[in-house]
Amino acid sequence: MAYLRRAAAALIIIMFQLLSLSNAHNITKILAKNPDFSTFNHYLSATHLADEINRRQTITVLAVDNSAMNSILSKGYSLYTIRNILSLHVLVDYFGAKKLHQITDGSTSTASMFQSTGSATGTSGYVNITDIKGGKVAFGVQDDDSQLTARYIKSIFEKAYNISVLHISQVLTSPEAEAPTASPSDLILTTILEKQGCKAFSDMLKSTGADKTFQDTVDGGLTVFCPSDSAVGKFAPKFKALSAANKTALVLYHGMPVYQSLQMLRSGNGAVNTLATEGNNKFDFTVQNDGEEVTIETDVVTAKLTGTLKDQEPLIIYKIDKVLLPREIYKAVKASAPAPKSSKHKPKNAEADEDADGPSADAPSDDDGEVADDKNGAVTVTRNNVLVTAIVGLCFGVWLM
């Protein structure tokens, strides 16, 4: 009976995690209720900052009205520089109206999204918040001058400890945020890879001609998973044995046609498409996260993210410890049945590495669709709610036994 109650408690916890999916905030909808912030709202979407804000569980947005936005729009900044400036207005902590007046010692500094871009030097990506005389609150970028250039006006929206949207008087800027930022067309992928210790993978891109597909995708958003040089070197003999078409498909399999920051990858699990996805050829893999660790599972091999080589939206490049092997080319590994307790032999490890399987054929495998359908992650929140309702009834029934 105690076991059943523990199981019921665990299911209840899962229930609340599922329900939390329906409680996610949407900064675009929040700001859309007030036309005075339409320009700020537009640029949050245009720079993709809105997507990043919506994926954060704890966030504070310092919004400025249309007239204040003119101060930066009149300077002719590129969209990518505007993103850096607006990143200063997204604090990675929660500050509601009440908390602003309860700051310890009357002043504090907190990191903004700009601090995580790698473009902020020193503490230039931190924002100083000070509760000044008369109950007023001021904001400023924490640089050498630490000038408090903006004032708190009012709270627009608050959901305690989740998201706060505050109206401030003017745009926060810094020399680092205003510095010219390269456009996607200036980001030459193969050059970046070679400078970041991924020359072997860069050579694979060039040899297959896939480098053009990757480069043409950058403008719309691109996530690249680059195997280390040692991983590519180990895999090289098998790569040479593939047909030209499968070589190209395997290389394209290491790219996603969308920008996915590390925070985005950590925020959810599920199957995702790749640059190799086309028609009935799914060529998808599953992103799994466990705390800070993110892995890529292909049903043939599991690779771990070991670092971020470049993060400049719309391009992000991760380093992984293995070459990704699609099940459309290589045989999927099936978990072995557990060995009897009396057996002295351990079950064969179900996780494959680059040496586990050779090419099954140049054509995609016949059972690919069934595997992919089981992992497509297409269950909606509405369907989850129906499932949760059933689980709740079962759990409480067990609990009362």
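Biologist: What makes F235 count as buried in this model?

Modeller: This is a predicted model, and in it F235 has 0% relative accessibility. Buried means under 20%, so F235 counts as buried.

Biologist: And F239, buried or exposed?

Modeller: F239 has 10% relative accessibility, which is under the 20% limit, so F239 counts as buried too.

Biologist: Why is the pair of F235 and F239 called tilted?

Modeller: Two values decide that. The ring centres are 6.3 Å apart, and rings pair if their centres lie within 6.5 Å.

Biologist: How many aromatic pairs does the structure hold?

Modeller: There are seven aromatic pairs. One of them joins F225 and F285, with 5.7 Å centre to centre and 85° between the planes.

Biologist: What makes the pair of F225 and F285 edge-to-face?

Modeller: The angle of 85° is over 60 degrees, so the pair counts as edge-to-face. F225 lies in strand β8 (residues 222–227) and F285 in strand β11 (residues 285–290), so the pair ties together parts that are 60 residues apart in sequence.

Biologist: Are F225 and F285 buried or exposed?

Modeller: F225 has a relative accessible area of 0% and is buried. F285, at 1%, counts as buried as well. Ring pairs also link F225, Y253, F283, F285 and Y318 into a cluster.

Biologist: Let's turn to charges. Why is the contact of D284 with R327 called a salt bridge?

Modeller: The closest N and O atoms of D284 and R327 are 2.7 Å apart. A salt bridge needs a side-chain nitrogen of Lys or Arg within 4 Å of a carboxyl oxygen of Asp or Glu, so this pair qualifies. D284 lies in the loop between β10 (270–272) and β11, and R327 in the loop between β14 (315–320) and α15 (368–373), so the pair ties together parts that are 43 residues apart in sequence. D284 is buried, with a relative accessible area of 8%, and R327 counts as buried at 5%.

Biologist: Which residues are linked with D284 in a network of salt bridges?

Modeller: D299 and R327 are linked with D284 in that network. D299 is found in the loop between β12 and β13, and at 21% relative accessibility it counts as partly exposed.

Biologist: What makes the phi of D299 worth a remark?

Modeller: D299 has a positive phi of about 80° although it is not a glycine. Most residues other than glycine have a negative phi. Y161 also has a positive phi, of about 65°, and is not a glycine. Y161 lies in the loop between β6 (150–159) and β7 (163–168).

Biologist: Why is Y161 called exposed?

Modeller: Y161 has 67% relative accessibility, and exposed means over 50%, so Y161 counts as exposed.

Biologist: How do you know that E178 and K75 form a salt bridge?

Modeller: Their closest N and O atoms are 3.8 Å apart, within the 4 Å limit, so the pair counts. E178 lies in helix α8 (residues 175–178) and K75 in the loop between α5 (66–73) and α6, so the pair ties together parts that are 103 residues apart in sequence. E178 is partly exposed, with a relative accessible area of 23%. The structure holds nine salt bridges.

Biologist: Which residues lie nearest the centre of the second largest pocket?

Modeller: They are R83, S116, T117, Y259 and D311, out of 22 lining residues. The second largest pocket has a volume of about 420 Å³, and its lining divides into six nonpolar, 10 polar and six charged residues.

Technical notes:
Residues numbered from 1 in each chain as written. Predicted model: local features only at pLDDT ≥ 70, side-chain atom pairs only at ≥ 80, totals over all residues. Heavy atoms only, no water. Phe/Tyr/Trp six-rings, centres within 6.5 Å; stacked < 30°, edge-to-face > 60°. Helix = DSSP H or I, 4+ residues; strand = E, 2+ residues; numbered from the N terminus. Buried < 20%, exposed > 50% of the residue type's maximum accessible area, 1.4 Å probe, protein only. 1 Å grid on protein atoms, 1.4 Å probe; cavity = no way out; pocket = protein on both sides within 12 Å on 5 of 7 lines; lining within 4 Å. Points joined across faces, edges and corners; volume = space filled by probe spheres on them. Nonpolar A, V, L, I, M, F, W, Y, C, P; charged D, E, K, R; others polar.
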